[in-house]
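Biologist: I'm new to this one. Can you put it up and walk me through it?
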Amino acid sequence: MNIDEIKSKLNPKLIEEIESYLPKGTSADKAKKVYEEVLEEYQEAKVSPGECVGIITAESIGERGTQMTLNTFHLAGVAEMNVTMGLPRMIEILDGRKTIETPMMEIYLNEPYKSGKNIRELAMQIKETRLGEIVKEFVIDLAENSVAFTIDDEKAKILGITPSAIMKAVEKGTKISVKNSGRQYVVPVAGKDAGVNEVYKLKELLRNIFVGGIKNITQVLPIKRGEEYLIITAGTNLKSVMESEAVDKQRTISNDIYEVYSVLGIEAARAAIINEMYKVIEGQGLNIDDRHIMLVADMMTVDGSIKGITRYGIIGEKSSVLARASFETPIKHLINAALVGEKDPLNSVVENVMINQIIPVGTGLPKIVMKQPEEKK
Amino acid sequence: MDNQAIYKKIGSIGFGLLDPITNKKMSAAKIVTPELYDREGYPVDGGLMDIRMGVIDPGLRCKTCGQKIKECPGHFGYMELARPVIHIKFVTLILSLLRGTCKNCGKILIPPEKIAEHAAELKVLEEEGGDEERRKFITDIIYASKIATKCPHCKAKQQKITLEKPYTFLEDDKRISPIEIRSRLEKISNEELAIMGVKGESARPEWAILTILAIPPVTMRPSITLETGERSEDDLTHKLGDIVRINQRLFENINAGAPEIIIEDLWDLLQYHVTTFFDNEIAQLPPARHRNGQPLKTITERIKSKEGRIRHNLAGKRTNFSARTVISPDPMLSINEVGVPELIARKLTVPERVTEWNLEYLKEFVKKGPENYPGSNYIIRPDGKKKKITSETQESCVEELQPGYVVERHLMDGDIAIFNRQPSLHRMSMMCHKVRILPGKTLRLNVAVCAPYNADFDGDEMNLHIPQTEEARAEAEQLMLVQTQIISPRDGLAVIGGTQDALSGNYLLTGETEFTRRKAIEILSSAGISEFSRLPKKEKITGKEIFSILIPEDFSFRGETKDGHPLIIKKGVLMEGRMDSANLGEGAGLFLRSIHKQYGPEFTADVLSKIFKLGIAVLMQHGQSAVLSDLDLPHKTKESIKKIIEEAEEKIDDLIVEYKKETMDTLPGRTLKETFETKCLETLNKARNKVVNAVSDSSVEGSHFENMVRSGGAGKFLHLTQMAACVGQQALRGGRISSGYKDRTLSAFKKGDLRAAARGFIAGGFKDGLKPADFFFMGITGRDGLMDTALRTPKSGYLYRRLANAMQDLRVEYDETVRDSGGKIIQFQYGEDGVDVSKSEKGKINVKRIVENATGGKTQSRQSRDVRNSPEAN
């Protein structure tokens with residue numbers, strides 16, 4: 001076998017690894033020997049056909065799951081955000097939940113923000129801003145039945161909110177035309193016979209009007225990780241954040257798998273599931289091989305959308321009636337199977353356990369076919 | 001085993017509705033009377049216990065198949081219902097069919113063009129949500145198109161149909177009788193049904209309105225005879241009795257021409273009984289009860305839930321030839337052995353076939369009988385008849401024995417057994433061991449295999465199973481034997497490793513110890529090693545040299561010890577470093593993994609056993625205990641620890657001042673209070689870590705505790721510190737303890753006291769004793785910990801169940817792809833490289849080692865990071 005043949009049988013990652021280890025100037029013979037030996041070990045380490053890798057994955061994750069903590073508090077660093085960790089987070093990921101408990105983003109930045117320049121200002125601009133936060137004071141004029149407010153110019157400037165933007169936002173939010181006299185904005189109460197209550201209500205409404213930043217981002221936290229600065233946020237809005245020029249679009253990520261799926265697609269969602277699970281496992285100081293995590297992620301994303309490991313998700317879609325029935329709500333599955341005239345082909349595990357037949361995995365997979373000896377006449 | 005039966009394999013199971021004609025045809029009996037037995041206690045013909053439907057009494061023979069109890073599988077009967085009744089489980093189907101089709105012509109209430117319009121949409125829906133979704137969608141369309149008032153085909157007017165739960169259908173507030181419903185359903189053609197997602201060939205909707213009721217076989221609802229001789233019938237029989245009784249009354253009333261209202265009432269009652277016969281837990285119906293008020297368990301309740309038929313009896317089976325008792329340790333057993341008490345060995349048997357060659361050998365067992373060990377309990381004749389060996393039959397059995405017989409002999413040394421401890425969370429919870437018959441009454445195992453079973457000896461019980469066929473034994477031995485399971489498929493590391501005394505013994509041995517040659521040989525032989533030729537020929541022998549005897553001569557290894565010192569083994573000699581948990585322990589280091597890789601599982605198991613025995617032998621010579629004075633710290637250390645704690649407490653006081661004055665800089669995203677608490681916790685934890693360092697720095701070299709900690713055998717320096725110096729902050733829900741009384745944790749403190757000691761910081765160590773308040777704090781956190789475990793177990797258990805159910809049918813095919821049972825490809829190559837984790841070294845091929853071996857220890861320092869593990873990889 002020449003070296004190219006060997007290489008074609010090896011995994012690209014392994015070749016890369018061998019190359020990185022081989023000292024420079026190794027003779028071709030020696031190099032070939034290394035390749036041969038790696039190939040031999042690689043082939044020895046291959047999975048046997050029939051291996052029920054799904055069960056092994058479930059065991060690996062399930063057994064370790066019993067050792068995870070239930071408490072969701074993150075103690076590691078002082079400045080880190082409070083994120084759901086441990087078993088609850090694991091359940092959340094595997095359920096494929098649409099809304100998660102603590103949505104969070106890690107925003108990586110381009111230069112010059114990467115090295116820390118103006119990072120606080122940038123963070124503030126990303127954060128969702130309500131009118132109340134940039135207003136110096138609200139003045140209630142009961143005689144005119146109107147609310148007037150003045151803007152804290154400095155704050156507004158940092159956040160990049162222009163007066164016209166404020167006007168627009170307020171008008172959109174209240175559906176009342178706003179009078180702008182210099183720094184003061186006056187909003188009259190709609191309707192003629194409005195009382196004190198209405199004026200106060202208007203004031204509260206104004207306070208809550210969204211004027212700038214990115215929606216849903218409730219908290220921002222610039223931190224330094226290694227050499228570079230990045231922004232961690234509570235609340236996610238991947239799409240809007242990625243539109244910003246300052247953001248490194250390749251690395252910025254949200255921990256909301258559904259969001260990643262809708263913005264970046266299914267492959268990204270698969271990667272997100274793997275990364276999020278990996279974070280949980282690592283955070284708990286456990287050790288589960290990546291292959292298991294990958295298999296779960298693949299299982300959840302095979303058909304192009306995210307399916308949770310629940311009776312509505314993957315398990316509800318199994319081809320076997322009996323397998324579904326043995327999980328949850330057996331009656332429902334049996335009745336529906338009867339209506340549709342379903343046929344259980346009995347080609348997976350539980351069904352065969354139920355009817356006392358050999359299960360088609362592992363050593364139950366191979367069959368011996370024998371030729372009947374011809375009868376001698 | 002001997003019967004030459006032809007085994008048939010079930011290829012598939014189809015589901016459908018049972019139609020009245022087939023029902024009648026397959027029935028063995030028509031049930032007409034609610035009576036069960038006649039005066040002699042013999043089952044009445046045409047009664048619910050009719051022996052044509054199977055037998056449950058010993059001595060009787062089934063009239064249908066002629067077989068006895070346990071042989072007769074039971075046969076269905078049938079009963080004609082006086083008036084049709086709705087099957088409760090199909091109410092939703094009936095509703096959507098009634099709503100979706102014309103009452104006159106039975107066609108779907110949308111023009112055909114519209115159906116074509118939605119066809120594409122439908123296809124998507126069907127793929128995603130299955131047939132139920134599809135049906136819902138169709139009904140939605142019908143409602144949405146608002147033509148439902150008039151049939152597009154025959155122009156008949158349609159009324160609004162509603163369902164009054166649980167089973168009454170109303171058409172414009174007028175009740176539709178099941179008869180009427182049935183006739184309407186009959187009109188719907190199979191093609192129309194196909195659109196609605198029902199397969200008419202096997203499930204005509206009118207069959208969901210019962211005219212004939214199938215009576216389940218007697219064998220499915222056996223009666224129990226109480227001690228008083230009274231018969232107690234099964235719940236289903238009770239329910240069926242009610243149905244038969246009401247049905248009869250209804251018949252009589254109809255025939256007698258009773259007023260409509262009485263018939264209606266009885267009809268309703270029949271409907272109720274048939275409904276509860278199928279499901280007794282319907283929300284709107286009062287459940288049918290026993291006379292003592294306990295609800296009847298009818299068909300639905302029998303099937304569903306964990307205790308139901310499916311999960312309890314079908315997916316979970318029971319076995320014979322098993323044993324269960326308390327376990328206890330035995331370091332002298334090999335790791336793949338299990339000690340079985342003679343008492344159990346006399347009960348559990350292994351079938352052995354008699355041949356010409358082993359006839360005499362097996363006769364010995366039969367001669368000894370069931371009472372003397374090793375004897376036998378049964379012989380099986382070639383025709384499959386089992387004969388018990390008793391003192392009376394013993395002699396005839398011995399004489400009778402000839403080739404072709406099978407002897408069930410007692411369990412003996414070397415037999416194959418499967419050993420298991422619940423909860424069986426991973427495959428290492430069930431491993432194959434070789435039997436060793438031992439005196440005593442417990443099952444014995446080597447301490448090293450406790451880790452995969454997660455067993456200890458505080459009263460744990462374990463199960464033992466004896467495989468009964470050659471095939472089962474071969475599979476168990478080849479695939480499940482302990483040594484084949486050493487490497488975990490979870491992470492590719494050893495799950496079996498040294499613990500406790502074995503570790504500290506080896507740690508002591510491989511330190512700077514020296515023995516006389518005589519002593520060295522003594523230690524080695526007490527560890528069961530008799531080959532001393534590799535022992536250096538000199539008077540003084542170091543511990544490292546003794547340990548090296550166990551390592552194969554061509555084994556080289558480079559690793560790290562627990563405290564980060566290098567561990568070097570060159571050509572079978574331990575050159576540098578001490579053996580500790582980082583290399584001998586489970587789930588750590590690559591030392592065991594490398595041995596396994598190079599010399600195979602058998603050898604590893606052997607080396608492991610020897611290493612453990614050696615460690616124990618060393619400790620026997622050296623002595624290992626724990627003394628209170630081990631916890632005595634030098635005066636200087638005590639002083640410095642005192643200072644560390646005082647400083648920390650002062651810092652907390654400063655923080656309190658800052659907090660009260662509100663001069664503290666709040667952390668982003670936190671309130672002032674949260675910031676204060678985080679800072680306090682940080683300060684105190686830092687202080688405790690400093691104390692731990694101080695203790696580990698000053699700990700006496702060679703003290704018993706130190707030896708335990710440094711070897712990784714038991715405990716960490718943290719635990720030592722907690723005993724000797726400072727227990728530290730008691731954390732509750734990730735913060736300091738804050739609740740209890742109003743504004744204070746305990747009444748011993750002033751209100752609003754935020755100091756360290758008042759919020760659960762225990763400054764003293766266990767040895768010096770705790771303050772009264774400290775006991776309360778420890779009690780609080782202790783309880784919190786208990787709660788955490790108690791709540792976590794069911795949660796993770798459910799997650800596990802779901803995972804296992806979702807992934808159970810994934811397997812690697814011959815083309816290396818991972819597929820599910822339907823043949824859908826999940827991965828093109830398992831784990832992207834097709835490597836089995838349990839055959840890898842920590843999930844990888846050890847390229848570095850291969851390169852080193854080939855080039856003589858030289859490698860290029862790697863720059864590129866491991867691709868997969870870096871978070872940026874994706």
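Biologist: How many residues of domain 4 of chain B are in contact with domain 5 of chain B?
Modeller: Eleven residues of domain 4 of chain B touch seven residues of domain 5 of chain B. Keep in mind that this is a predicted model.
Biologist: Which helices supply at least two residues each to the domain 4 side?
Modeller: Helix H15 (500-509) and helix H18 (581-584) of chain B do. H15(B) gives the most, with six residues.
Biologist: What classes do the residues on that domain 4 side divide into?
Modeller: Four are nonpolar, four are polar and three are charged.
Biologist: How far apart do the C-alpha centres of those two domains of chain B lie?
Modeller: The centres of domain 4 and domain 5 of chain B lie 40 Å apart.
Biologist: Where do the domains of chain B run?
Modeller: The assignment gives domain 1 (34-75 + 216-307), domain 2 (86-211) and domain 3 (322-485). Then come domain 4 (500-622), domain 5 (633-787) and domain 6 (811-855).
Biologist: What about secondary structure in chain B?
Modeller: Chain B has 25 helices and 31 strands. Its radius of gyration is 38 Å, well over the 29 Å that the globule rule gives for 874 residues, so chain B is more spread out than a compact globule.
Biologist: What does the C-alpha trace of chain B span?
Modeller: About 110 × 95 × 65 Å along the principal axes.
Biologist: Switching to chain A. How many helices and strands there?
Modeller: Chain A has 17 helices and eleven strands. Its C-alpha atoms fill a box of roughly 120 × 70 × 35 Å along the principal axes.
Biologist: And what radius of gyration does chain A have?
Modeller: Chain A has 31 Å. A compact globule of 377 residues would have a value near 21 Å.
Biologist: Which domains are assigned in chain A?
Modeller: Domain 1 is 3-44, domain 2 is 56-102 + 255-306, domain 3 is 129-212 and domain 4 is 318-364. The C-alpha centres of domain 3 and domain 4 of chain A are separated by 63 Å.
Biologist: Let's look at helix packing. At what angle do H12 and H13 of chain A cross?
Modeller: Helix H12 (residues 257-264) and helix H13 (residues 266-283) of chain A cross at roughly 155 degrees, and their axes come within 7 Å. H12(A) and H13(A) are therefore roughly antiparallel. Their crossing is right-handed.
Biologist: Which residues of H12(A) meet H13(A)?
Modeller: Ile257(A), Val260(A), Tyr261(A) and Leu264(A). Among their partners in H13(A) are Ile266(A), Ala272(A), Ile273(A) and Glu276(A). By class, that contact has nine nonpolar, no polar and one charged residues.
Biologist: How do H5(A) and H13(A) cross, left-handed or right-handed?
Modeller: The crossing of H5(A) and H13(A) is left-handed. The axes of helix H5 (residues 86-95) of chain A and H13(A) come within 9 Å and cross at roughly 165 degrees. That angle is over 145, so the pair counts as roughly antiparallel.
Biologist: Which residues meet there?
Modeller: Gly86(A), Arg89(A), Met90(A) and Ile93(A) in H5(A) meet Ile273(A), Glu276(A), Met277(A) and Val280(A) in H13(A). The classes are five nonpolar, one polar and two charged.
Biologist: Last topic. How many residues does each chain put into the contact between chain B and chain A?
Modeller: Chain B puts in 98 residues and chain A puts in 104 residues. On the chain B side, helix H24 (residues 772-807) provides the largest share, 14 residues.
Biologist: What's the class make-up of that chain B side?
Modeller: The chain B side has 37 nonpolar, 30 polar and 31 charged residues.

Notes:
Residues are numbered from 1 along each chain as its sequence is written. Chains are lettered from A and ligands numbered from 1 in the order in which they are written. This is a predicted model: local features need pLDDT of at least 70, side-chain atom pairs count only at pLDDT 80 or more; totals for chains, interfaces and linings use all residues. Axes are lines fitted to C-alpha atoms, for helices over the stretch in contact, and angles run from 0 to 180 degrees between N-to-C directions. Helices (H or I, at least four residues) and strands (E, at least two) are DSSP runs, numbered from the N terminus. Angles under 35 degrees count as roughly parallel, over 145 as roughly antiparallel, 65 to 115 as roughly perpendicular and the rest as oblique. A crossing is left-handed if the near helix is turned anticlockwise from the far one by less than a right angle, and right-handed if clockwise. Two residues are in contact if their C-beta atoms, placed from the backbone, lie within 7 Å. Ala, Val, Leu, Ile, Met, Phe, Trp, Tyr, Cys and Pro count as nonpolar, Asp, Glu, Lys and Arg as charged, and the others, Gly among them, as polar. Domain bounds come from an automatic or database domain assignment. The radius of gyration is taken over C-alpha atoms; the globule rule is 2.2 Å times the number of residues to the power 0.38.
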